[in-house]
Amino acid sequence: MTTLAKARFAQIVLPRIDEGYRLARWLTGSATDAEDVMQEACIRAYRAIEGFAEGNARAWFLKIVRNVAYSWLQRHRPGKLVFLEDLSPVALQEIETGGLMNSAVPTPEDLLLAKQRSAELQKAVETLPLHLRETLVLREFHGLSYREIAVISDIPIGTVMSRLAKARQSLLSRMKETEQ
């Protein structure tokens, strides 16, 4: 590896390590598993840094972290990973439209403002299916745009919006259940 590549790695990847770790933590649900994912993601980013063209470095690195996390989950927890392509058309339609919960509801941002419910909210987020949790975390906790999420997740923008709506509705439903 050249000195220039090392410098690019330090400039592009190192400032995003914490953000990558938070994403890996949310996707794996474990601090130690997130460390394993980050170690592999950094190795992959280091090897690929010379091929990185100027562009959105944040999205590039988070996509690497996401892909490594999914690979790690597939190797270590295959039961946790469900691919949308494997779902029935009915289940896929329910995910895309929000199912029975497709009416307008308050946003998760409103729920986050209530400090006393933050622990319940975190637990609810952790129970979301991985594809919904990933989209929600990238949008709400990392502040990425729909376009950036689409690039990272390798899905259309419309799917990003559908997943966000479904994740938000599921969170609200779960939060209402804990109130009762």
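User: Is helix H8 mostly covered or mostly uncovered?

Analyst: This is a predicted model, in which local features need pLDDT of at least 70 and side-chain atom pairs count only at pLDDT 80 or more, while totals for chains, interfaces and linings use all residues. Residues are numbered from 1 along each chain as its sequence is written, and side-chain values use heavy atoms, with hydrogens and water left out. Helices are DSSP runs (H or I, at least four residues), numbered from the N terminus. Buried means under 20% relative accessible area, exposed over 50%, and partly exposed in between (1.4 Å probe, protein chains only). H8 is mostly covered, with 10 of its 12 residues buried; among them are Leu 130, Arg 133 and Glu 140.

User: How many aromatic pairs are found in the whole structure?

Analyst: A pair of aromatic rings is described by the distance of the centres and the angle of the planes. Rings of Phe, Tyr and Trp (its six-membered ring) pair if their centres lie within 6.5 Å; planes under 30 degrees apart count as stacked, over 60 as edge-to-face and the rest as tilted. The search finds 3 aromatic pairs. In one of them, Phe 9 and Tyr 46 have ring centres 5.2 Å apart and planes at 85°, so this pair is edge-to-face. Phe 9 lies in helix H1 and Tyr 46 in helix H3, so the pair ties together parts 37 residues apart in sequence. Phe 9 counts as buried at 11% relative accessibility, whereas Tyr 46, at 28%, counts as partly exposed.

User: Which pair is tilted?

Analyst: Phe 52 and Trp 60 form a tilted pair, 4.7 Å centre to centre with 40° between the planes. Both Phe 52 and Trp 60 are buried.

Conventions: Helix = DSSP H or I, 4+ residues; strand = E, 2+ residues; numbered from the N terminus.
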